[in-house]
Structure formats: C-alpha cells, structure tokens
Amino acid sequence: MEQIKHQSRRDFVKASAAVAGGLAIGFHMPGKVAQADGGGGSFAMPNAWVKIGNDNQVTLMVARSEMGQGVATSMPMLIAEELEVDFSKVKVEFAPPAEVYINSLLGGQLTGGSTSVRDAWEKLRKAGASARMMLVSAAAAEWGVDASQVKAENGQLIGPGGKRMSYGMAAPKAAQMEVPKDVPLKPVSAFKVVGNAKQKRVDTPMKVRGEPVFGIDTRVPGMMYAAVAMSPYIGGKLKSYDDSRAKNMPGVKAVVQYSRGVAVVADSYWQAKKAKDLLRVEWDQGPNAGLNMQKIWAGIEEAAKQPGATFRESGNVEEAMPKAAKTVTSTYTLPFLSHSPMEPMNTLAQVSADKAIIITPTQFQQLIPHVVAGATGLKLEQVEVRTTYLGGGFGRRVEVDYAIDAAEISKAAGGVPVKMVWSREDDMTHDSYRPAGKFGLSAGLDANGMITGMRFHSTSPSISARLFPSVVKDGIDPFAVEGIDNFPYAVPNLKFTYQMHDTGVTVGYWRAVSHNLNAVALECFIDECAVAAGKDPIDYRLAMVDMAPSKHAWSGLSAGVAVGPRIKNALQMVKEKSGWGKPLAQGKGRGVAVMEGYNTVIAMVAEVTVSPNFDVTVDRVVSVVDAGPLVHPDQALAQMESCINFGQSACMWGEITINENSVEQNNFDSYRVARINEAPKKLEFHWIKPADNQPPGGLGEPATAVIQPAIANAIAAATGKRAKMLPLTPENLRAS
Amino acid sequence: MNITFNVNGKNETVDVAPDTPLLWVLRDTLGMTGTKFGCGKALCGACTVHLNGMAVRSCQTQVGSVAGQKITTIEGLKMNAVQKAWIALDVPQCGYCQPGQMMSASALLAANRNPSDADIDAAMSGNICRCGTYPRIRAAIKHAAKNA
C-alpha cells in the first residue's frame, strides 16, 4: 500500500458523468463499469471513494490533503472498516476537486479546521458500507440468491454452497446496482481497522526512502524552473525592471512579468535563481508605504478604544464590576507569526491555450480551478488540479496565491510547464501571517476571589474578511472569536467584544487560528486571577467550570455546547497525573491551561526551568486529551506531539515584525523555531475514554494553543514574572 | 564544465557551473529529489547528504568542490538501520525534513554506536522539523543504535 497515484482528470470526468443524474446521497458518485486504468487493466467505482480493479486491487480515494497529519491513512481506514478489505493491501489516491469530496464542516474541499476525521467519521464508513452492499447485491444477482445469503469478507464475496467471487469480478456490476438507502454501520465495539493501535502510516516507507512525493519534487517532460522577484513591500507593486543582465545568463529561457513581480524561467532552478538575483527591479511601496510595528501597534491601540462587536454577554458587567472586592486588569500583546512549513511554496503549472494543469501542494484544491481560470482566461473545466503531498501546511496552503503565480508565469512563458519554487526568503516574507493583536481583559473578584464579572476585548485583524467575507456578520469573524466564545467558566456577568482592525499586513489561518490568541490570553489571565485570589490555579479553575449545557453562538468548529463536565474531568486528571503541588527545585515552575477547541478538550501542565538570565527550558508536559474515539491512535498521539512543538516555537520565539513596510525576518536565523535540543524533555499523554456515541474531536490543532499559556503560566510560577507580550523571550520576560 | 563525482556508488558526470550548489545538481540535473531544499543557508538541514561519510549541507556545498569525492544521499542509504527505525516508530509526519534528519542520524551512528541524549542534541540540532517529530527522532536513533 505504498504507491499513491493521482486519479487523472479523464477518469474523474468519466466517473462524474453519472452524477449529472442528481443522486442525492452525498457520498455516492457512481463510476462507469470497466474503465481503462491506463495500465492495461480496468476498474470500476461503486462510488466516489472506492475503486476496484479487475486485478482485485482496491484503491481508496483520499479527499483531504496529506500534510503530515495522517489523513492518507486515517481516511482510508474509515472506508476499509466497512468495505471488508485487507487494509494492508489497499492503495490510496488523492481525489481531484469535486463536489462529492466537499468537507461538510467547512463547505469546501478544503483541509483545515481539524475537521478531516470529524467530517469523515460517519460519511466514509457509510461510503465503505454502501460500496460493500452494492458488491454483495451484484454477487447475489449473479448467483440468483438473496443478498442476505451473501457475505463480504476480506475482499471476497461468499455465497451459499461455497460460491465465491472476488470484489474485482463483482465491481463492474456493483457500480450499476441501486445505491442502498439505508446503510447500517457496525458498532464501535466491532471495529477491526479503526482504532487499531498498531496501524502504521501508509506513507512512511516512501517518505523514508526519499521518494518524490512533494510538490517541489514534481517533474514533467520539458519542464522549466522559475525563480521569482516579488515585492519586498507589503502591498507593493512593480514599477519597472531591467533584465538586461539576467536574460543573458546561462540556461535562461525567459524573463516574464506577472501580477506579483518578475519571474526568470530557466533550465534549472539554480540558473533561474542566479539570473533572478541580477534583475534590477523598482517597486512602488503602495498604500502601506513606511509601515512599521510602531504604527501597527498604535493603530491597534487606537482601534481598541472602539467598543467592538459583542459576541457573548450575560448578566450586567457594568453593574457587577464596581461591586467587586478586587479587580484584575491585563492587556496581552501577541505578535504576527509565520507558518514556515519546511517545503517552501511551489507549484508546477502548464497553461496552454485550452488547458491548465496545476500540480501543487495545496490544502484547498477546490478553489484552484476558480482562481486559475480567473487568472488565465480559461474555463473552469479546462483547469486540472493534482494535489501532491504537502511538506507541511499549518494553514499556509489554504492560500492559493502560489498556484496563481505559477499559472501566470507558465502562460507568460508561452505555455511551457514551469515549476516555480520560492526561496525560504520568498516564503517567509510573503506569508499570510497569524494576526497580531491586543487582548484586554478585566475581572472583578468577590471576597472569595471568585470572578463575578469579566470583560474581554480583542482587537485584531480578521482573516475571514479577506478569504471568506460571507462568514463575517455584524462585525464578527467567527474564526476571530474561537477559544473565547466557548469560555468555559461560570461567570454571572460578562461581556466579550471583538474589534476588527486591518493593519495592512496580510493575515491567514495559522494552526489553531484564534485559539492561539484568545485562549492564550484567557488562560494566562485566569492564572493572574488565581494569584490575585490566592488560590491554586487548578482548584480555582475547577471551582469555576461552567457545568450548564448552554449553547454559544459563533465558533462553527467547536463543540457547540458547554463542555463543563469534560473540562472538569480533564483538569482533575491532569492535576493527578502531573503530580501537581509536589515541590519543585528553585527556578522551576508548573503551569496549567485548559481549552475546548474542535470538540476536543485538552488540559495540560507544563514544567519549566528558568535560568537567572530568563532562558527557559521545558522539562515536561503532561497532557490529558478528551478527543472522543481515535481512528488512528498512534497518529492522534503524533498530532499532539506536533501541536506541542508548534505552539512551543510560537510562544517562546515566534515573532514577525515589519519595518519600512517589509517583513524583517526572512529565514530560520531571524525566525527562530524549536530544534531537537530545545524540545520538551518529556511528553506524557493521557487519553480520556470516550463516552458512548461521543463523536471524534479534532486533534490537528488545539494543543498548539494550550501549550502556550501552560508554558507562560509555568514561567510565572517559577519567577513571578508574567510577560504580557509574547514571545516569552528573555528580553520580554526581563521587561515584564 | 564537466564535473565528475560519485553518488551512491555510481560515478556521475555533470555539465554545470562549478559554483552550483550540490543540492540543485542532485535535484535538477540528476533527478534525485530525495534531498530537500529548505532554507538555502545551511540553517535547517533538509539538504543534508554525506560527503565521504560526513554529514554536510548540500545547499552550501559547491559541486565543483566535490569533484572526485563520494556523495551519499537518502536514495543511497538502502534501507539502513536508521531508515528501518524511522519506519518502526513511524517518525515522519509531513516527511519533508526527514531525508535530512536520517542523513544526519546515519552519520551520527556511523561515528558513535551508542549516542547519549547530548550526542543526539549535538548531531541533530542542525535539522529543523516543523511537524515536531523530535521525540520520535530521538527514540528512533536509540532504536537504530540498539538494532544496528
């Protein structure tokens, strides 16, 4: 199960032809029988997810992008569970853009929001079951027996009297059978594939051998390479360029202008890059001329004076606050962050007069035909998109900018296939950054230290206002209030507001999105309140957990109901498992944080050592995770490990700054990320047993946000210093 | 200009400018894309290969300087103990940095059969992984050391 091929557009168009009839079932897209598979054989598709060759090869379609989170394994596991096939023998294939593959939780064929397993949990098991039922019906019809007399087992159909038929034999007929309306599913207790603790990733062997699986590895005959000169200024525009030296460099085939700048097209990347360095380009700084952090922070502070849009309110905070015995007030300042996946942005595009082929590492394949058609004048159906493996995504590859660029460059270069590769500098300075913002919190405490009134006022840019403006309503971007609209504490009087403010800097979805802003500020602040109240931070939280089953209004991706009992349970368990309260040596501290996000509850305790110079070492992180049933347990664990690493880098060192309207960090020397010697010394995980019928929660993101306040709170416990400005560098800690 | 060097046991002659980084000769000229481009400045280790058995960053190694030398890339590890350990522990997530990680780990184990945590830190801290596979990398190196 190692070879992963791309379904060709041709196969897909054939397969989807039957959809025009308008089948209502979301997972069904019948294929024509006996299509040529291009290798001398043929295959049939009972539905959009299952392809069965006449050689009995079962291929399962993966409609999400594999960027490390393991969907190329977990998605097919769900189909295979009900299809009754040997999982070790199936192949997987990335799906092309098509309506049937839309992620119902996001409304697009888009990988993000920790939704892949949540969306697929029932849908893909039903797809597998439905295909199996059609195979059974086909065999029953062939044998003239009732379907109830046919059993599907391990890729075989077994009928009365020892009759046997392989899936490959039955598939062409199965693809023409009626789609079952009622598709019963196995109970969780009968699972054989899903939840298998020993299941390995399907893509590990080829990644370990260094096989060409990433976008940047793609090669097609006659391919040229492009290196680009893009505006160093945010929102800047090309004024003029002189290519007299560049165009005469060895290997250079063309120097072309495109929307974003100038591209050098050459026989090899290095030739293109060397020639690109010889371009003399003049840029107009554009509307943001002279932008710098001082102006950005001043703008945010000014905007923060606005009342903002209220996204959660109860009781009467105006009346409650003056009655408080004690008031705690804080403003947290959080910086822009870069995604910086290890594979820099790239795309291979071939745009001719009547066709565009776009081979790209993308999280959002569905959008690409639209934007490439728009950029090239081609029709939507003339754009073919093939998704490669992604060398990291983290939200950066939800953006389709680099696919548009490559398409424009190929077209301008006369339609040759062009692989555009960004340098690390291009990548880091042309990111869509995690929004910076200021988060003002105030709490009124009663005589016992309990919070009776609370204000939360966020001032930060909206990502969705640019990418999905239709979801922004009444001044509220639902993705900007994540991690706070589901505030988990019972506070009788509260008012939470969001003030949208555009800083001029392009902002994008960054792993865990606004949980990284709101929940970080909130969980640090709750610790401040605990200190003010003279209470233990875990006991303080436990005493305030909101157990009421209320519903909150905005975040589309969180649990959607109060999750108090789960939060309480996780906090209690992390208290016990972490050895909370046991004495620590001088210079060491423990910090806790808890959050629900993506319908997963995580409670975390971090232990740190802080040197007299404020250098921080993370010694140990104990996580309690309530994520419901796990499809692929080992990789659920890997996602926790991954998020902790990503969040640790962000809170300890991550900071993108702007000066002279340019991003100041451009490589890993100026934008520091965790290295192996800086990773937490010890990670411990405890998984909460799912309740009956509990659906899976997302795991690709939430811990990214939880680790940050856990570390900040641990530093505060160790030193008494609470940095109100991230990252938690020695400079910021010393200044706090 | 023709430059000849040995890659994974096979002599290759390439006609490229001698200042071309070995990385791009491997990837574009020889079509061996297992060696990855990450930063172009020897900051991330994704491009790590062996030059006469030593781990070097191929993005900062001019091809002219390796004429007549022996280069080993991920394609040439031939499923060694490190690769087997990487599979046994399912180390890769996105997998992009992993060829470089495995080249660094293989060089470490060739020089030190039983590396301590500090040895691992010293040999591996030049290789960045954004997916956070560090705990598994550390465990896999120890696993490979035991099973080599």
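Let's start with a crossing: helix 16 of chain A and helix 17 of chain A cross in a right-handed way. Before I go on, please keep in mind that this is a predicted model. The two helices pack at an angle of about 50°, and their axes are 7 Å apart. Helix 16 and helix 17 of chain A are therefore oblique to each other.

Who makes that contact? From helix 16 of chain A we have Met640(A), Cys643(A), Ile644(A), Phe646(A), Gly647(A), Gln648(A), Ala650(A) and Cys651(A). From helix 17 of chain A come Pro702(A), Ala703(A), Thr704(A), Ala705(A), Ile707(A), Gln708(A), Ile711(A) and Ala712(A). Sorted by class, this contact has twelve nonpolar, four polar and no charged residues.

Now stay with helix 17, please, and look at another partner. Helix 13 of chain A, residues 515-533, packs against helix 17 of chain A, residues 702-719, at an angle of about 30° with the axes 9 Å apart. That makes helix 13 roughly parallel to helix 17 of chain A. Their crossing is right-handed. On the helix 13 side of chain A, the contact includes His515(A), Asn516(A), Ala519(A) and Val520(A), and on the helix 17 side of chain A it includes Pro702(A), Thr704(A), Ala705(A) and Gln708(A). The classes here are eight nonpolar, five polar and two charged residues.

What kind of peptide bond joins Leu726(A) and Pro727(A)? It is a cis bond, with omega about 5°. Pro727(A) sits in the loop between helix 17 and helix 18 of chain A, and helix 18 covers 730-734. For background, most residues other than glycine have a negative phi, and most peptide bonds are trans.

In chain A, Phe394(A) is not a glycine, and its phi is positive, near 60°. You'll find Phe394(A) in the loop between strand 19 (383-387) and helix 10 (401-412) of chain A. In chain B, Met79(B) has a positive phi of about 50° and is not a glycine either. Its place is the loop between strand 5 (70-72) and helix 2 (81-88) of chain B.

Let's step back to the whole of chain A. There are 18 helices and 29 strands in this chain. The radius of gyration of chain A is 27 Å, close to the 27 Å that the globule rule gives for 736 residues, so chain A is as compact as a globular protein of that length. Its C-alpha trace spans about 80 × 75 × 45 Å along the principal axes. Of the 736 residues in chain A, 59% are buried.

And chain B? Chain B has five helices and five strands, and along the sequence they read β-β-α-β-β-β-α-α-α-α. For chain B the radius of gyration is 15 Å, close to the 15 Å that the globule rule gives for 148 residues, so this chain too is as compact as a globular protein of its length. The C-alpha atoms of chain B fill a box of roughly 45 × 25 × 25 Å along the principal axes.

Now, how do the two chains meet? In chain A, 46 residues are in contact with 42 residues of chain B. Helix 5 (204-209), helix 6 (269-276) and helix 16 (633-653) of chain A each give two or more residues to that side. Helix 16 of chain A gives the most, with seven residues. By class, the side of chain A that touches chain B has 22 nonpolar, twelve polar and twelve charged residues.

Seven of the eight residues of helix 1 (22-29) of chain B are buried, so helix 1 is largely enclosed by the rest of the structure. Among the buried ones are Trp24(B), Arg27(B) and Asp28(B). What covers them? The cover over the buried residues of helix 1 of chain B includes strand 10 (224-230) and helix 6 of chain A, together with strand 2 (10-15) and strand 3 (48-51) of chain B. After helix 1 of chain B comes Gly31(B), with a positive phi near 70°.

Technical notes
Residues numbered from 1 in each chain as written. Chains lettered and ligands numbered in written order. Predicted model: local features only at pLDDT ≥ 70, side-chain atom pairs only at ≥ 80, totals over all residues. Contact = placed C-beta atoms within 7 Å. Helix = DSSP H or I, 4+ residues; strand = E, 2+ residues; numbered from the N terminus. Nonpolar A, V, L, I, M, F, W, Y, C, P; charged D, E, K, R; others polar. Buried ≥ 20, exposed ≤ 12 C-beta atoms within 10 Å, placed from the backbone. Rg over C-alpha atoms; globule rule 2.2 N^0.38 Å. Axes fitted to C-alpha atoms, helices over the stretch in contact; angles between N-to-C directions. Parallel < 35°, antiparallel > 145°, perpendicular 65-115°, else oblique. Left-handed = near helix turned anticlockwise from the far one by under 90°.
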